Amino acid sequence: MNASTETSTVTEEQITEALTMIAAGDHAAVSAVQRWLRISFRDANAILDALEKRGAVGPASGSRARAVYVRRCEQCGRIGKRGFQTIGDGEHTVTQCTNRAACRKRWPKPARDDD
């Protein structure tokens with residue numbers, strides 16, 4: 001069977017999960033996605049190609065990891081290309097939304113004890 005006629009079994013859920021992991025870890029390699037999701041190399045490559053079409057990662061460049069264009073807020077979990085800042089020293093850094101008011105609105109609400 002020719003490789004161009006094979007169809008990929010990648011789901012939207014896998015693409016979303018890979019995007020979350022790539023944005024959090026700032027690493028977009030086919031082998032990393034393959035390990036994280038426990039899928040075939042072909043499916044991991046298809047996921048990165050789909051993310052490239054969406055503008056989240058850069059084009060393939062041989063065996064190197066792709067450039068990552070998205071970031072993830074460590075407080076609210078938002079993933080995007082703009083509106084983030086990195087706080088901390090070189091060893092311990094935290095990525096947060098630049099607009100703190102909008103970020104706080106997205107935070108999960110704490111459990112309330114109505115007793």
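Let's start with α1 and α3. Their axes come within 10 Å and cross at roughly 75 degrees. Axes here are lines fitted to C-alpha atoms, for helices over the stretch in contact, and angles run from 0 to 180 degrees between N-to-C directions. Angles of 65 to 115 degrees count as roughly perpendicular, under 35 as roughly parallel, over 145 as roughly antiparallel, and the rest as oblique. So α1 and α3 are roughly perpendicular to each other.

A word on provenance. This is a predicted model: local features need pLDDT of at least 70, side-chain atom pairs count only at pLDDT 80 or more, and totals for chains, interfaces and linings use all residues. Residues are numbered from 1 along each chain as its sequence is written, and side-chain values use heavy atoms, with hydrogens and water left out.

Back to the helix pair. Which residues make the contact? From α1, they are Q14, I15, A18, L19 and I22. From α3, they are I47, L48, A50 and L51. Contact means heavy atoms within 4.5 Å. By class, that contact of α1 with α3 has eight nonpolar residues, one polar and no charged. For the classes, Ala, Val, Leu, Ile, Met, Phe, Trp, Tyr, Cys and Pro are nonpolar; Asp, Glu, Lys and Arg are charged; the others, Gly among them, are polar.

Next pair: α2, residues 30-37, and α3, residues 41-53. They pack at an angle of about 115 degrees, axes 8 Å apart. That makes α2 roughly perpendicular to α3. The crossing of α2 past α3 is right-handed. The convention: right-handed if the near helix is turned clockwise from the far one by less than a right angle, left-handed if anticlockwise. On the α2 side, V30, V33, Q34 and L37 make the contact. On the α3 side, F41, A44, N45, I47 and L48 do.

Now the whole chain. It has four helices and four strands. The order from the N terminus is α-α-α-β-β-β-β-α. Helices are DSSP runs of H or I with at least four residues, strands are runs of E with at least two, and both are numbered from the N terminus.

How much is buried? Of the 115 residues, 30%. Buried means under 20% relative accessible area, exposed over 50%, partly exposed in between, with a 1.4 Å probe and protein chains only. The accessible surface comes to about 8100 Å², and 48% of that belongs to carbon and sulfur atoms. Areas come from the Shrake-Rupley method. Among contacts with a separation of 6 or more, 35% are between residues 24 or more positions apart.

D26 is not a glycine, yet has a positive phi of about 55 degrees. D26 sits in the loop between α1, residues 12-25, and α2. At 52% relative accessibility, D26 is exposed. R38 also has a positive phi, near 55 degrees. R38 is in the loop between α2 and α3. Its relative accessible area is 77%, which counts as exposed.

Last, F84 in strand β3, residues 84-88. Is F84 buried or exposed? Buried, at 11% relative accessibility. F84 and R71 are 13 residues apart in sequence, and 7.4 Å apart C-alpha to C-alpha. Leaving aside neighbours within four places in sequence, F84 contacts R71, R72, C73, R78, I79, T95, Q96, C97 and T98.

Note on methods:
Areas by Shrake-Rupley, 256 points an atom, 1.4 Å probe, with all protein chains shown as cover.
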